[in-house]
Amino acid sequence: MLFAQISDLHIKRPGKLAYRRVDTAAYLERCVARLNTLEPRPDFVVLTGDLVDFGAREEYAHLRRLLAPLQIPYYLVIGNHDGRDALREVFPEHTYLGNPGEFVQYTAMLGPLRVVALDTQDPPNGGGKLCDARLDWLDATLASDTRTPTVIAMHHPPFLCGIEHMDVQALDPAAAAKLAAIVKRFDNVERVICGHVHRPIHTRFAGTVASVCPSPAHQVALDLRDGGPSAWVLDPPAFQLHRYTPQTGLVSHLAFVDDAGGAHPFYDASGALID
């Protein structure tokens, strides 16, 4: 089983640039084209939030058009920039998104894996929250199947990453602690996959691994100084590939959207190392 994760697309209305400079739609078009050419092709794609920039119906309609060429099934997770009901309205066939007024939380059985999506949105705050209702749902969902390898997908990371302006809008620490107490009870949780920070980040969490996926567009500047400014950079756009086998569990790779040339051989036609 191989699946791709993309995150923090921040699609705007047609023709609108993020921060007056970033054409997030063009970046997503390139990412979709890249995913379609992968060999082997991923079995599915998980999009871990901030699908659009302001949660507007017009933005979701634009997102839908941009995702139409994707030849791989995909699953949508909500982020702090998203709008629950506008998302449901534009993607009605994605019935797992639930009904108006509900949290966007669901379970998807995908081959040997179970994906459990959490809704960490806390409008109008940029930071994340998991109330008791959402945590109770997760607890019951995980308890219902303690054998199937499980990936929890959520937008806000449940840990501080050291980039100060992002950590002030992280998942609420009390919610993160409650989440950790739940997750550590279930050793079939292979990974907690997140977005929000626009960088590749990994840490141990609650007996498993939590990771953050970079963006297919702009990234958050890597600045670990106290009081570092809120800033973005045009580092190479990227996504993650997660490969599961029963022998190894989940193994993850950082993949770049743009072709950097190659692949170049290590050995010549005679089998000698090229030196």
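**Close-up views of a predicted chain**

**View 1. The whole chain and its surface.** The accessible surface of the chain comes to about 12,800 Å², with 53% of this surface belonging to carbon and sulfur atoms; such areas come from the Shrake-Rupley method with a 1.4 Å probe, and for residues only the protein chains shown count as cover. This is a predicted model, in which local features need pLDDT of at least 70 and side-chain atom pairs count only at pLDDT 80 or more, while totals for chains, interfaces and linings use all residues. Residues are numbered from 1 along each chain as its sequence is written, and side-chain values use heavy atoms, leaving out hydrogens and water. Of the 275 residues, 56% count as buried (under 20% relative accessible area, whereas exposed means over 50% and partly exposed lies in between, with a 1.4 Å probe and protein chains only).

**View 2. Helix α2 and what covers it.** The secondary structure of the chain comes to 6 helices and 13 strands, which are DSSP runs numbered from the N terminus (helices H or I, at least four residues; strands E, at least two). In helix α2, residues 57–67, the buried residues are Glu59, Tyr60, Ala61, His62, Leu63, Leu66 and Leu67. Their cover includes α1 (24–37), β2 (44–48), β3 (74–77) and α3 (84–90), where contact means heavy atoms within 4.5 Å.

View 3. Phe266 lies in the segment after β13 (249–256), and Phe266 is exposed, with a relative accessible area of 64%.
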